[in-house]
Amino acid sequence: MKRIGILTSGGDAPGMNAAIRAVTRTAISHGLEVFGIRYGFAGLVAGDFSPLTAEDVDHTINLGGTILYSARYPEMAQEEVQQKAVEQLKKHGIDAVIVIGGDGSYHGALALTRHGINSIGLPGTIDNDIPYTDYTIGYDTACETAMDAIDKIRDTASSHHRVFVVNVMGRECGDIAMRVGVASGADAIVIPERPYDVKEIAESLKRSFAKGKDHGIIVLAEGAMSADKFKDELLKYGDFDARANVLAHMQRGGRPTVEDRVNATKMGNYAVKLLLEGKGGLAVGFENNELSTHDILDLFDGKHEGDYALLDLNKDMTK
Ligand code: F6P
């Protein structure tokens, strides 16, 4: 193996640049050449490659977004598209690829491996929804960003005795909502994976206001219901002054936290070492604070399990 490629795919996540930097620097220090593949799998098929030097990744560990750009590219599921991708890699003398992205990206990494190009997947998504890893690159920063926004929302909620329903990202996964909900002292956390009762939440808010509380915060995962609809449901059970707020893509941007920078660096470094051992078709994760690997195939049958105990913890914090 002489030359490896690296790409970012799917929704961007803070810390992806730290992983790109770690892959580039580790590979170069082991005598490999590195090519950055821009725009994810779409750029791979189009041959949008350029060499990456150790200097090219200077001053990137602190940047949000991805210097390689990203794209969602469902076409990669087609056999003829995969063939084109492999042709491009062979044309450029690239023997192996590291893919940083969410669940969809793993299909592409596995397809490349099956076509003889060893590929390793790193979990890069703010959602934290990948099976067999307790952590995904970008999750910590997204939680910090959402918590910071909710702290600000609370100021205005309190000034006006309002209830805010704050929608946080996470597609079908409530991990951001649960962690941010606890960290923000939310009155209720609503996630798609667990049942919820809007009437019960309204009754609990009424009791809190009756005891003198001057605001209410409900952290709602986007996969559960829209913030507007939830607010309207809530108003059926109480005469609240309520507002809906959608944090949306601001959660995907910004300077990565220490945790995201360090973990992304560890994962990028580990991925290159796996390739050097001749391994491919693997997904890197963190389980119980240790780097781990699983066959990418296992991920397709696996289910991410969130830390649902956070819901009970938060209930105990609600007066
Ligand atoms: O997967 C990351 C994510 O930000 C999800 O939380 C969200 O549902 C989705 O991407 C939004 O995708 P897009 O940026 O394509 O609208």
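The axes of H5 and H6 approach to within 9 Å and cross at roughly 45 degrees, axes being lines fitted to C-alpha atoms, for helices over the stretch in contact, with angles running from 0 to 180 degrees between N-to-C directions. That makes H5 oblique to H6, given that angles under 35 degrees count as roughly parallel, over 145 as roughly antiparallel, 65 to 115 as roughly perpendicular and the rest as oblique. The structure is a predicted model, in which local features need pLDDT of at least 70 and side-chain atom pairs count only at pLDDT 80 or more, whereas totals for chains, interfaces and linings use all residues. Residues are numbered from 1 along each chain as its sequence is written. Helices (H or I, at least four residues) and strands (E, at least two) are DSSP runs, numbered from the N terminus.

The crossing of H5 and H6 is right-handed; a crossing is left-handed if the near helix is turned anticlockwise from the far one by less than a right angle, and right-handed if clockwise. On the H5 side, Tyr139, Ala142, Cys143, Ala146, Met147 and Ile150 meet Asp175, Ile176, Arg179, Val180 and Ala183 of H6, where two residues are in contact if their C-beta atoms, placed from the backbone, lie within 7 Å. Helix H6 (residues 175-183) also packs with helix H11 (residues 309-317), their axes coming within 9 Å and crossing at roughly 25 degrees. H6 and H11 are therefore roughly parallel to each other, and H6 passes H11 in a left-handed crossing. In this pair, Met178, Arg179, Gly181 and Val182 of H6 meet Leu310, Leu311, Leu313 and Asn314 of H11.

An open sheet of mixed pairing is formed by seven strands in the order S3-S2-S1-S4-S5-S10-S11, two strands being paired if DSSP finds at least two bridges between them. Strand S3 (49-52) and strand S11 (290-295) stand at the edges with a single partner strand each, so one side of each is left without a neighbour in the sheet. From one strand to the next, the twist averages 30 degrees. Strands S1 (residues 3-9) and S2 (residues 33-37) run parallel and are joined by four bridges; among the facing residues, arginine 3 has glutamate 33 in S2 as its bridge partner, and isoleucine 6 stands opposite glycine 36 in S2. Strand S1 is mostly covered, with six of its seven residues buried; a residue is buried if 20 or more other C-beta atoms lie within 10 Å of its own, exposed if 12 or fewer, and partly exposed in between, with C-beta atoms placed from the backbone. Helix H4 lies across S1, strand S4 (96-101), strand S5 (118-123) and strand S10 (282-287), and runs at about 165 degrees to S5.

In an unreviewed entry, UniProt places the feature "binding site" at Gly11, Arg72, Tyr73, Gly102, Asp103, Gly104 and Ser105. These residues span 95 residues in sequence, yet no two of their C-alpha atoms are more than 12.3 Å apart, so they gather at one spot. UniProt positions are given in the numbering used here, feature names are shortened, and annotations may be inferred rather than shown by experiment. Aspartate 103 is found in helix H4 (residues 103-114) and is buried, with 21 other C-beta atoms within 10 Å. Leaving aside neighbours within four places in sequence, aspartate 103 is in contact with Asp129 and Ile130. Serine 105, which also lies in helix H4, is buried with 30 other C-beta atoms within 10 Å, and, residues up to four places away in sequence not being counted, touches Ser9, Gly10, Val99 and Gly121.

The annotation "active site", likewise from UniProt (unreviewed entry), covers Asp127. Aspartate 127 is located in the loop between S5 and H5 and is buried, with 28 other C-beta atoms within 10 Å. Apart from residues up to four places away in sequence, aspartate 127 touches Gly102, Thr136, Met169, Gly170, Arg171, Cys173, Asp175 and Ile176.

Tyrosine 132 is placed in the loop between S5 and helix H5 (139-159) and is buried, with 21 other C-beta atoms within 10 Å. Histidine 59 lies in the loop between S3 and helix H3 (79-91) and, with 9 C-beta neighbours inside 10 Å, counts as exposed.
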